[in-house]
Amino acid sequence: MHRATAFALPVLACAQLLAQGRDWPYSMEYGPYLMTTFEGGGLSDNTLKGVVIKLGNSGAVAFDTELLRLSAAWTDGWLRLRGTAYDGAHGPMVRIRGRKVAESKPGPGWAKNGNLADPRALPYGPLAKEWGSYKGLWLHGDQVVVGYTIGGMDVREGYGVEMDGSILTRTLELGPSKDEQLMVVEDGPDGAQPGAMAVDGAVRAAVLQWQPSGNGMVEMDASTAAWELLAMGAPSRGDYLDAASGTGAKIAFVPGFARAHGRKAPPDGAVDTAETLALPTLADGQAQQNSDDWQHSVWFDKYKAGGRETDDGRFVVDLQKSVEVSRINTFTWHTGYRSTQQFDVYGSDAASPDATAADLGAAGWTKIATVDTGSLGEGDKHGVGIARENGLGRFRHLVFDVRSGGAFFGEIDVFADKFRAPVDALGRSVRSLACALRGDAGAQLEVKDGRILMRVPPHDKTLHLQVAMAAGDQKQIGALTPALLRAAVVPPLPTKPGKARWGDAIVTKGEVGAADGAFAVDTITIPFDNRFGSRMRTGAFDLFSDGRAALSTWNGDVWIVSGIDDKLEKLEWKRFATGLFDPLGLRIVDDVVYVHGRDGITRLHDENGDGEADFYECFNNQINITHAFHEFAFDLQTDTEGNFYFSKAAPVNPGGRGFQTIAPHHGTILKLSKDGSQLETIASGLRAPNGIGVSPTGIVTSGDNEGTFMPRCRLNWIEKPGYYAGVKDTAQRANVPDQPDLPLCWMPMEVDNSSGGQVWVTGAGWADLQGRLLHLSYGTCSTYLVLPERVNGQMQGGVVRLPANFSSSCMRGRFSQKDGQLYVVGFQGWQTSAAKEGGFHRVRRTDNPLGVPVALSTCEKGVYVTFAEALDPETAKDPGSFGVEIWNYLYSPNYGSPELSVLHPERKVEQGKQNRDPLTVTAASLSPDGKTVFLAIDGMQPVQQMKITWNLDTKDGRTLKGELHNSIHALQKDPGFPVGR
């Protein structure tokens with residue numbers, strides 16, 4: 001990734017593509033493409049909804065599905081996989097890895113009526129459909145074809161490489177168009193001018209040229225291939241510090257800090273000598289030969305300082321005399337963080353300056369520059385050039401105060417006096433972008449305002465065109481000109497699916513759970529160890545009409561699971577789709593799989609019936625997204641009319657407090673029409689609603705997680721559009737209420753610290769709970785029965801945990817219409833007590849008693865709690881069998897809330913400590929049917945949190961122990977025992 005200039009050179013020699021580390025996340029085979037937000041850097045900037053398509057081992061291209069532009073094309077690499085789903089980082093996203101051949105600025109990739117200006121009021125969301133619309137992508141073996149419309153013209157395009165990756169091609173099939181069309185091919189940097197290509201005869205070609213310059217005092221660059229491709233040049237043998245220079249200059253490390261690896265500390269009482277401190281490896285002009293070449297590298301070992309381990313170290317250079325220093329170049333190479341350079345460099349003209357001083361500035365050293373190559377990404381070769389037009393200053397000594405001592409430094413070059421770096425002495429070569437147009441006649445390339453455009457006249461039949469692109473200096477472009485300009489008939493792009501990619505299904509054996517309680521939990525065993533290296537963090541699922549299941553994983557797969565029967569002896573897992581963008585929602589409609597990811601809803605088609613998706617149709621991509629790491633796309637549900645529902649998280653700051661830039665749709669629950677054409681917001685003001693529920697009557701529910709304006713997890717009951725949850729930043733309205741709509745209930749951390757959605761009981765296997773609502777907890781891996789009540793039109797109530805345990809978190813409940821039982825999935829991602837990375841379970845209702853309350857009613861005098869079975873009158877009528885506590889929370893912009901005493905508001909405790917008021921149960925009475933207990937309670941009042949516990953017996957002698965947590969927004973008059981009970 002080139003940071004010094006807008007464009008970089010491809011490798012034109014037969015340089016070997018360096019393999020990126022095969023540890024996670026690079027150990028997974030992702031397929032031929034990846035849908036993602038990615039950081040392109042330079043002119044291409046960030047692509048919010050992108051399809052990154054691999055071109056074998058030669059490079060990749062990135063297509064922007066919102067702006068319909070080819071945002072970048074590059075060689076010598078693929079991607080740096082950053083972000084929560086990959087390396088867990090909170091902030092960075094997937095980045096380009098390699099050297100760009102072409103890129104375009106954010107904006108429409110095609111003009112409308114000749115206009116290429118971005119028409120969107122905000123820089124989020126797709127172009128209007130009348131301008132252009134993304135259709136989806138087709139897979140044909142390793143080839144990916146992208147499809148979209150521009151005005152009334154259908155477009156399909158595919159990509160390829162020639163000349164060992166030196167030339168990248170973009171093949172276009174343009175359907176009939178009554179209008180002239182104008183496409184952006186690529187952009188050049190500021191100052192780029194039209195160039196010429198040495199050609200014979202009339203051809204369709206375009207060239208942009210410019211004279212690159214250093215990018216500021218500190219120039220950083222990375223390379224996946226040859227050292228010579230770095231902007232400041234390769235490690236040099238001709239610098240002032242090199243042993244062959246004759247200057248006598250030396251480099252060593254400074255004792256008292258981290259020691260250079262392999263240089264042992266002297267025995268007690270002895271002192272380091274110049275020989276034991278010397279680091280000739282850093283000045284020998286010899287670059288590392290591979291990413292773990294320790295023989296040609298220097299790094300610092302960790303040591304204890306101030307009670308902590310650190311690898312901070314220092315290099316010191318003695319130039320032997322005072323000289324004018326013109327440039328300093330530093331080079332590192334390793335995988336991961338050990339390639340990252342972080343240091344301050346100082347200079348001194350004194351004869352013997354103190355290189356051990358804690359404060360080098362105060363000790364008389366002059367600070368020259370601060371370096372941090374973290375923006376280049378981890379891994380690969382990192383080069384840094386520090387230079388100024390008039391030189392860096394006159395120094396005898398230099399000190400490099402290194403803050404990332406584990407970095408593998410291979411060379412430090414110092415250019416001083418008459419020793420000049422080639423990049424300064426010879427200047428930088430003129431750079432060129434060259435394009436040639438092949439195929440059908442009519443279309444032409446042109447250069448305008450520093451960009452290359454393709455103009456296509458009106459046409460009444462499909463055109464087959466190919467744009468060939470290369471980048472390099474004049475010599476390199478000259479060598480490539482014959483290949484660029486070769487005459488070529490452009491064949492049609494493939495239309496039929498290719499052969500299946502992923503082979504036979506993987507077979508596992510499930511586990512049938514014991515049926516000795518109210519519920520039996522069966523395990524549908526996941527193939528965690530699979531031949532694709534796919535990380536099976538199962539984020540969503542649904543069931544086909546025949547009982548098979550489709551599951552999506554956080555890292556973009558969809559798997560089809562067969563063999564889900566009573567015994568679970570042969571479960572077959574078939575990889576169905578790959579490359580999706582954080583798909584945490586999945587719904588099957590008419591046995592077709594719909595997946596909800598950060599870029600919208602994708603409908604998956606298996607056009608040749610081989611068990612693998614080959615057309616990834618864009619069902620809807622209207623949702624607005626930004627670059628923020630936390631704006632997860634959650635769940636996918638439908639109502640009885642076929643409309644879709646899903647939720648969108650807010651862009652929380654790294655660390656969890658406050659928010660990044662808010663865009664429309666952040667912190668909302670959205671409704672999408674059955675045909676995918678109309679999107680509307682039905683709830684706003686949410687933070688992280690991981691999962692929702694939709695009742696058969698159209699009631700929408702959701703959870704939400706503790707954070708800014710969110711004192712604790714809450715359960716929302718949504719009957720009409722509103723400002724739910726109360727996050728003012730995501731209210732998505734001009735006038736934000738002081739208070740949010742009230743939840744059905746709050747839940748303390750021990751009940752739910754991260755919600756996982758809701759499901760309504762519709763399965764015949766749960767006959768005694770038909771029509772009831774279940775709340776699922778991602779954080780505590782639990783399932784709760786919701787006990788709702790309506791008082792004065794306001795919903796309130798509580799939750800009680802069902803006796804079912806899971807191997808992973810609990811989300812996305814579905815009831816099978818085939819066996820009538822509940823199915824759930826879960827995974828490890830953020831805050832959860834999940835034991836395994838993924839989980840897929842069936843929860844069967846047995847013939848055993850339920851053993852928990854099934855209804856709750858509060859009033860001015862106390863609480864009615866109804867159990868599923870008759871209770872022992874003696875224990876049920878004993879007030880000592882019950883306990884009641886109450887407390888409140890603080891609604892504020894702070895992260896979460898401490899518990900607030902209701903009866904003693906002056907009593908303060910630290911956040912995370914309990915601050916609860918016990919209430920006295922003065923009497924307990926039992927209904928005629930023996931199932932409902934009325935607890936007479938002193939001090940009943942509206943409270944945000946109530947906890948009720950019990951320890952009693954059933955009529956048939958079983959012991960019941962448990963607790964429920966509820967919220968009281970309003971109190972009704974005493975209704976008495978339920979009629980008939």
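The questions below concern a predicted model.

Me: Why is Thr932 called buried?
Reply: Buried means under 20% relative accessible area. Thr932 has 0% relative accessibility, so Thr932 counts as buried. Thr932 is placed in strand β60 (residues 932-937).

Me: What makes the pair Thr932 and Thr866 a polar contact?
Reply: A polar contact requires N or O atoms within 3.5 Å, one able to donate a hydrogen and the other to accept it. The side chains of Thr932 and Thr866 make such a contact at 2.8 Å.

Me: Why is strand β36 described as largely enclosed?
Reply: Strand β36 (residues 592-597) has five buried residues out of six, and therefore the rest of the structure largely encloses this strand.

Me: How do you know that β35 and β36 pair?
Reply: Two strands pair if there are at least two bridges between them. Five bridges join β35 to β36, and the two run antiparallel. Within this pairing, Arg587 stands opposite Tyr594 in β36. The two strands form a hairpin with two residues between them, and Asp590 in the turn has a positive phi of about 55 degrees.

Me: What makes β36 and β37 a pair?
Reply: At least two bridges are needed, and five join β36 to strand β37 (residues 600-605), in antiparallel fashion. His596 stands opposite Ile601 in β37. These strands form a hairpin with two residues between them.

Me: Which residues lie nearest the centre of the largest pocket?
Reply: They are Asp542, Arg587, Thr638, Phe815 and Gln817, in a lining of 29 residues. By class, this lining has nine nonpolar, 13 polar and seven charged residues. The strands that each supply at least two lining residues include β35 (585-589). The largest pocket holds about 780 Å³ of space.

Note on methods
Residues are numbered from 1 along each chain as its sequence is written. This is a predicted model: local features need pLDDT of at least 70, side-chain atom pairs count only at pLDDT 80 or more; totals for chains, interfaces and linings use all residues. Side-chain values use heavy atoms; hydrogens and water are left out. On a 1 Å grid over the protein atoms alone, a cavity is a set of points where a 1.4 Å probe fits but cannot get out, and a pocket is an open set with protein on both sides within 12 Å along at least five of seven lines; lining residues have an atom within 4 Å of a point. Grid points are joined across faces, edges and corners, and a volume is the space filled by probe spheres set on the points. Helices (H or I, at least four residues) and strands (E, at least two) are DSSP runs, numbered from the N terminus. Ala, Val, Leu, Ile, Met, Phe, Trp, Tyr, Cys and Pro count as nonpolar, Asp, Glu, Lys and Arg as charged, and the others, Gly among them, as polar. Buried means under 20% relative accessible area, exposed over 50%, partly exposed in between (1.4 Å probe, protein chains only).
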